[in-house]
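Visitor: I would like a brisk tour of this model. Please take my questions one at a time.

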Amino acid sequence: MRTLLLCAGLALSRLAGADVTLVHVHGLAYSADGKRLMIPSHHGLAIYANGKWSKAPGPEHDYMGFSATARNIYSSGHPAPATGLVNPFGLLRSKDGGKSWDKLGLEGESDFHVMATSWNTNAVYVWNAAPNSRMKQSGLHYTLNDGLTWQRASAKGLDDNPYALAIHPDDPKSVAIANPGGIYESSDAGESFAKIGAAQGTAVLFDLDGKHLWYGSYDNAAHLRRARLRSGPASEVRLPPLTKDAITFIAQNPARRREYAIATFNRDVYLSSDGGKSWKAIAQRGEAR
């Protein structure tokens with residue numbers, strides 16, 4: 001296994017204190033200590049901490065499928081120009097908060113735009129757009145050993161490719177998907193799915209309490225709901241005003257579990273410290289606030 005160092009001999013991105021613009025938003029995740037909200041974009045990794053924005057040091061890689069666990073960060077994507085690194089990344093893992101990355105395979109073969117991790121287990125799920133050397137078919141796959149072996153899931157009951165994917169924090173067989181047809185849950189490692197929301201799904205997140213699923217949807221307006229697992233009752237969560245916009249990512253702070261973050265298609269980012277009762281904008285139209 002090789003390690004990709006982000007700084008040595010490579011051009012540096014803008015550092016702390018510089019202006020931050022989110023050209024795209026490719027994910028949303030908190031650090032394990034809850035002190036940093038990490039937002040991968042088309043041009044590197046943006047960090048929100050202590051009420052201030054910064055850019056992570058290192059080349060401005062195009063991170064995709066960016067997902068965090070209690071121990072590691074996982075990602076896919078493309079290297080920054082002029083770094084000489086193989087494109088695409090395949091599957092990467094960082095044990096030090098994104099300072100360095102271990103290559104876990106499929107380098108030069110796959111870029112996983114839709115990927116999710118289980119907070120307390122080592123499960124990683126991806127939606128593979130095309131076959132590669134370890135996945136003989138496209139579709140939903142998962143690994144329990146950091147990419148050494150992959151298992152394909154049948155994904156029966158899904159009617160379209162996913163926009164977003166989530167895994168239960170403690171149960172690697174419990175999976176949720178958002179796609180154009182709605183919101184779906186699986187309790188058998190993705191072999192079969194049951195629809196729990198009929199509107200177009202846009203985002204999903206398993207709460208760290210292990211009992212609830214948060215999901216974003218759109219039906220002429222953006223919605224955010226919190227539902228009991230296994231097709232349980234759902235409650236509407238009040239959103240800030242969103243015009244011709246919808247939620248793309250949801251994250252929960254592991255250290256302060258009533259704190260949530262959401263990002264939208266129009267690159268707005270909001271924080272709530274009271275479980276979604278109120279929201280504060282920290283970026284609008286990609287511009288940091």
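Predicted model: local features only at pLDDT ≥ 70, side-chain atom pairs only at ≥ 80, totals over all residues.

Visitor: Is Thr-83 buried or exposed?
Guide: The relative accessible area of Thr-83 is 14%. Buried means under 20%. Thr-83 therefore counts as buried.

Visitor: How many residues of E7 are buried?
Guide: E7 pairs with E6 in the antiparallel sense over 5 bridges. E7 also pairs with E8, again antiparallel, over 3 bridges. E7 is mostly covered, and of its 6 residues the buried ones number 5.

Visitor: Which residue of E7 does Met-64 stand opposite?
Guide: E6 and E7 form a hairpin with 4 residues between them. Met-64 stands opposite another E7 residue, Ser-76.

Visitor: What is the volume of the largest pocket?
Guide: The space in the largest pocket is about 890 Å³. Its lining has 41 residues, and those closest to the centre are Leu-28, Phe-66, Leu-165, Phe-249 and Ile-250. Several elements give two or more residues to that lining, among them strand E6 (62-68), strand E14 (164-167) and strand E22 (247-252). The volume asked for is about 890 Å³.

Visitor: How many residues of the lining of the largest pocket are charged?
Guide: The lining includes 27 nonpolar residues. Another 13 are polar. The charged count is 1.

Visitor: Which backbone oxygen does the side chain of Arg-258 reach?
Guide: Arg-258 lies in the loop between E22 and strand E23 (260-264). Among the residues that Arg-258 touches beyond four places in sequence are Ser-272, Gly-275 and Lys-277. The side chain of Arg-258 comes to 2.7 Å from a backbone oxygen. That oxygen is on Asp-274.

Visitor: What is the relative accessibility of Arg-258?
Guide: Buried means under 20%, exposed over 50%. Arg-258 falls in between, so it counts as partly exposed. The value is 47%.

Visitor: Which residues of strand E24 are buried on the side with Tyr-270?
Guide: In a regular strand the side chains alternate between the two faces of the sheet. Both faces of E24 (residues 269-272) are covered. Val-269 and Leu-271 are buried on one side. On the other, the buried residues are Tyr-270 and Ser-272.

Visitor: What is the bridge partner of Val-269 in E25?
Guide: E24 is joined to E23 by 4 bridges, running antiparallel. There, Ala-263 stands opposite Val-269. E24 and strand E25 (residues 280-284) are also antiparallel, joined by 3 bridges. In E25, the partner of Val-269 is Ala-283.

Visitor: Which residue takes a positive phi in the hairpin of E23 and E24?
Guide: Most residues other than glycine have a negative phi. This hairpin has 4 residues between the strands. The residue with a positive phi, near 70°, is Arg-267.

Visitor: Where does Leu-106 lie, and what is its relative accessible area?
Guide: Leu-106 lies in the loop between strand E9 (100-103) and E10. Its phi is positive, about 65°, although it is not a glycine. Leu-106 is buried, with a relative accessible area of 5%.

Visitor: Is Asn-220 buried or exposed?
Guide: Asn-220 is in the loop between strand E19 (212-218) and strand E20 (222-228). Its phi is also positive, near 75°. At 76% relative accessibility, Asn-220 counts as exposed.

Methods:
Residues numbered from 1 in each chain as written. Heavy atoms only, no water. 1 Å grid on protein atoms, 1.4 Å probe; cavity = no way out; pocket = protein on both sides within 12 Å on 5 of 7 lines; lining within 4 Å. Points joined across faces, edges and corners; volume = space filled by probe spheres on them. Nonpolar A, V, L, I, M, F, W, Y, C, P; charged D, E, K, R; others polar. Buried < 20%, exposed > 50% of the residue type's maximum accessible area, 1.4 Å probe, protein only. Contact = heavy atoms within 4.5 Å. Polar contact = N/O pair within 3.5 Å; in protein donor to acceptor, adjacent residues only side chain to side chain. Pairing = 2+ DSSP bridges.
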